Amino acid sequence: MTSQNPAVTPASLLAGIRQARLVGIVRGNDGGAAAKAALAAMEEGFQYVEIALTTPNALEAIREVRAAAPAGCLVGAGTVLSEADVERVTAAGGQFIVTPSLAPSISEAAAAGIPVLAGALTPSEAYEAMERGATAIKLFPASIGGPGYLKAVRDPFPEIPFIAVGGVGLSEATGYWEAGAIAVGLGGPLFGTSASGGDLTEMRDRARSFLGLAAEFAARTGTGS
């Protein structure tokens, strides 16, 4: 329940995501199904899940997940663009925000102490997002250049934490971790159609596969979770 989670700070979110290596991204056409999918992923072991505001009734879904989330699990909001969006997400209990771009929401959330995973693709965008107070950079869409592109962008910015998002499936995740991503963000490859009323059983199976992969990588590289 919400009382079991301490206050979320940018530093604590960043440390947790570094350990977990995984962020779930829920986007669908049914807020109720989205909430069920997010909670199912948390029950399997996902600690960090965002619900995109493009999902109908997303704010209600965030409220529902926040109220029922297992201890230690955090729910955020994705596709947060405006200052008004930040206010609405905060009121709904969202614990972090995610953007697809250099949106006004980055500075607004950062000023309020809310962790922000800011969307950027180019080196200039990544630098600008961090200047605005981003907690980490969501490299999006990561699939446009793959792990090699991530490595190239990281070379001049080794201190910027990057999360690879967009087209990252089970066979791609390890490559991004090896290229220096602190985590990967998983939308369709994890949730499939479950956020639109599809099968949760198959989604749970995929969740366990991703969690197992992250555990194997941590054990192999000596960076235990």
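**Helices α3 and α4.** I started with how α3 (residues 58-68) and α4 (residues 83-92) sit together in this predicted model. Their axes come within 8 Å and cross at roughly 35°. Axes are lines fitted to C-alpha atoms, for helices over the stretch in contact, with angles from 0 to 180 degrees between N-to-C directions.

Which residues in α3 and α4 meet? I found L59, I62 and R63 on the α3 side, and R88, V89 and A92 on the α4 side; contact means heavy atoms within 4.5 Å. By class, this contact has 4 nonpolar, no polar and 2 charged residues. Here Ala, Val, Leu, Ile, Met, Phe, Trp, Tyr, Cys and Pro count as nonpolar, Asp, Glu, Lys and Arg as charged, and the others, Gly among them, as polar.

**Ground rules.** Residues are numbered from 1 along each chain as its sequence is written. The model is predicted, with local features needing pLDDT of at least 70 and side-chain atom pairs 80 or more, while totals for chains, interfaces and linings use all residues, and side-chain values use heavy atoms, leaving out hydrogens and water.

**Positive phi.** I looked up N57, which is not a glycine, yet has a positive phi of about 60°. N57 sits in the loop between β2 (48-52) and α3. Next came T79, also not a glycine, with a positive phi of about 55°, in the loop between β3 (74-78) and α4. Buried or exposed? N57 is exposed at 62% relative accessible area, whereas T79 counts as buried at 18% (buried is under 20%, exposed over 50%, partly exposed in between, using a 1.4 Å probe and protein chains only).

**A cis bond.** Last, I checked F140 to P141: that peptide bond is cis, with omega near -5°. P141 lies in the loop between β6 (136-139) and α7 (146-154).

How values were computed: Helix = DSSP H or I, 4+ residues; strand = E, 2+ residues; numbered from the N terminus.
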